[in-house]
Amino acid sequence: MSDASKTARADKLKSRQEDGALVLRLDEVRPNRQMAAVPKRMPDLPAKPVRKTTVTYKSEKMTGFVTKAKSGFSGAKLAFLLVVIIPTIIGGLYYAAVASPRYVSEFRFSVRPGEGGGGSSAAELALTMSNSYIVSDYAMSRDAVESLEKDVGLREIYSRPEVDFLSRLSSDVSLEGLVNYWNKRLSTSYDLTTGINTIEVAAFSPQDAFRISTALKDLCEKLVNDLSEKARQSQLAFAKAELDRSEARLTNVRSQETELRTGQKSIDARKEADGKIQLITKLHGSLADLQAQYTALGSYMDAKSPRLTVLKSQINATQQELDRLQSQVRSTGDGVSNKAMLADAQLMTQYDKIQSDLDIATKLYTSSLTNYENARMLASNNQIYLATYVQPGIAQIAAYPKVVFDTFLVFLSAVGLWIVMTLVYYSIRDHA
């Protein structure tokens, strides 16, 4: 094979490789075998044309890689530059040269119940946790912002011109916007183990942070005192309502008893009835004695004797009085007596009912009075209070921004965004 033919085939192979395909002829790859496969023919016979078979090997991945390598600066590098490098540089410059320093003033406290609460430890712990969360939530609430705006002027503090444009609060911001801005400048935490609340207030000068923190501490103390007073008043109000109700019931029953006594012109109908019964019993005894004496003397004395005449008169008088008294407490068969007897029975029943109601009302009033005194003593000893053991202070150095740390966070965020964008791009390209 001549040098010229070899050179031509090499150039042809190179051009096919650049087009993205590799084309080889079998007779070029296996020339000896091709020649051996062709049988020798007679010189006088015309040679049959040899059919050439070609095999094409696709190498698109290799050629694509080579093409990208030759193209220089790729789209992925450009995206990395725009999404990661430039934002990280801008963020670092902002935190290092533009961002205003923020100073933090904090105070720590614990919501404590009063001594002698008398409740279970679990209930006291639950109450303490609830009050602690209430204080932390109140510090971030709209009511706290309104109070701080009146006391220290949050809008004026956070909208000063020396504050950088990204951190500065707009002077005409709405109250809702002020609340959102305040929540970004406030940090609250509660430790379940120790029951300690920590509140940090950030401002752009140490004095402003101290002023706001002090005013917020006063508001939290006022809130806890109000909660304690409301709980105490609620306990006392309930006990006082029960005491008033029992006292009104006792007064009503006593009024009914007085009306009954006034209507019957009797101080105590029950005692009067008992006195009548005792008198009847005594008269029965006296009558029996007189009759015994009369019988004994009549056995040997004349019936017209003065002694027997006097005894008989006494017996008749005693019998008449006894009949009169008995007619008042029992029926004798007469209609008028029956009505009187019924009226007396109804009177005694009504009087007994009033006496029972009076006893019940008296016991209820005594119990309510005891409960009221116990509630008053318990409410006085069970007040909750805010124990502030770390007072707000004036910061010496700025807590924010942390240039290296904040710049690294920007870098991590940008890298994450770049990775997501790259994955989305390749996913769309593969499914296109």
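A crossing of two helices is called right-handed if the near helix is turned clockwise from the far one by less than a right angle, and left-handed if the turn is anticlockwise. In the predicted model described here, helix α5 passes helix α14 in a right-handed crossing. The contact is formed by A76, A79, F80, V83, V84, P87, T88, G91, G92, Y95 and A96 on the side of α5, and by V403, D406, T407, V410, F411, A414, V415, L417, W418 and M421 on the side of α14. Sorted by class, the residues of this contact comprise 16 nonpolar, 4 polar and 1 charged.

Two packed helices are described by the angle between their axes and the distance between the axes. For α5, which spans residues 75-98, and α14, which spans residues 403-430, the packing angle is about 160° and the axes lie 9 Å apart. Angles over 145 degrees count as roughly antiparallel, and α5 and α14 are therefore roughly antiparallel to each other.

The loop between β6 (385-390) and α14 contains P401. The peptide bond that joins Y400 and P401 is cis, with an omega of about -5°.

A separate local pattern is seen in helix α7, formed by residues 142-151, in which A144, V145 and L148 are buried. Viewed down the axis of α7, the buried residues fall within an arc of 100°, and they therefore line one face of the helix. An α-helix has 3.6 residues a turn, so residues three or four places apart point the same way. Just after α7, G153 adopts a positive phi of about 75°.

Helix α11, which covers residues 269-298, includes G298. The relative accessibility of G298 is 37%, and this residue therefore counts as partly exposed, given that the class runs between the limits of 20% for buried and 50% for exposed.

At the level of the whole chain, the secondary structure amounts to 14 helices and 6 strands. Of the 432 residues in the chain, 28% count as buried. Where contacts between residues at least 6 apart in sequence are considered, 78% of them join residues at least 24 apart.

Definitions and conventions:
Residues are numbered from 1 along each chain as its sequence is written. This is a predicted model: local features need pLDDT of at least 70, side-chain atom pairs count only at pLDDT 80 or more; totals for chains, interfaces and linings use all residues. Side-chain values use heavy atoms; hydrogens and water are left out. Axes are lines fitted to C-alpha atoms, for helices over the stretch in contact, and angles run from 0 to 180 degrees between N-to-C directions. Helices (H or I, at least four residues) and strands (E, at least two) are DSSP runs, numbered from the N terminus. Angles under 35 degrees count as roughly parallel, over 145 as roughly antiparallel, 65 to 115 as roughly perpendicular and the rest as oblique. Contact means heavy atoms within 4.5 Å. Ala, Val, Leu, Ile, Met, Phe, Trp, Tyr, Cys and Pro count as nonpolar, Asp, Glu, Lys and Arg as charged, and the others, Gly among them, as polar. Buried means under 20% relative accessible area, exposed over 50%, partly exposed in between (1.4 Å probe, protein chains only). The arc is that of the directions from the helix axis to the C-beta atoms.
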